[in-house]
Amino acid sequence: MKVVAALGLATLLSPLAQAQTLVPFSDPQLPFTVSLPKGWLGADFQDGTSGVSLVSAKAPPATMIRLLFTPRNGTSPTPAGEFQKFEAGIKGTGATPKQTSSRAVSYGGVSGVERQYAVTHPKGQLTMRVWYGVGAKNLYSFQMTDTPARFAQASALFSKVLASVRFKR
């Protein structure tokens, strides 16, 4: 199941100027509602994930936000285990992740762990914020990626997006 619905796909009006304006977004396939940056573009990375992915611009450098979920199906995932898989996946691409912070935090009433990473790859560097939370029915992975130079501004916007998350019952 993919959700990349109408996020203003045809609208690309100065994403940085619009970055502070959030618009409510809901889709019956998502187990949460959220407010997203106005004018950002829905993205389908064709990686088999479920959720919503969006970017601030058509071409790099662009801020990327992904709000993903996976049904638990009776499993008992942990944020620590998911971070191990996440870091191994980054290393598998030839990039090097360096964890720079970690904290326990809840979004929308779901507890989890959020980490920040500095990622070095053949074309340069990226900075990421990644949160894993385990809900009653789903594992959640919320991520934001940007260049180090723009990370502080993007991180502040991502905090506003995360504050708007409401999980459906």
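## Ground rules

A residue here is called buried when its relative accessible area is under 20%, exposed when over 50%, and partly exposed in between (1.4 Å probe, protein chains only). This is a predicted model, so local features need pLDDT of at least 70 and side-chain atom pairs count only at pLDDT 80 or more, while totals for chains, interfaces and linings use all residues. Residues are numbered from 1 along each chain as its sequence is written, and side-chain values use heavy atoms, with hydrogens and water left out.

## Aromatic pairs

Rings of Phe, Tyr and Trp (its six-membered ring) pair up if their centres lie within 6.5 Å; planes under 30 degrees apart are stacked, over 60 edge-to-face, and the rest tilted. That rule gives 12 aromatic pairs.

Take phenylalanine 32 and phenylalanine 142: their ring centres are 5.5 Å apart with planes at 65°, so they meet edge-to-face.

## Around phenylalanine 83

Phenylalanine 83 and tyrosine 117 have ring centres 6.3 Å apart and planes at 40°, so this pair is tilted. Phenylalanine 83 is buried, at a relative accessible area of 0%, and tyrosine 117 is buried too, at 1%.

Phenylalanine 83 has another neighbour: the charged end of arginine 115 sits over its ring, 4.3 Å from the centre. "Over" means that NZ of Lys or CZ of Arg is within 6 Å of the ring centre and within 35 degrees of the ring normal.
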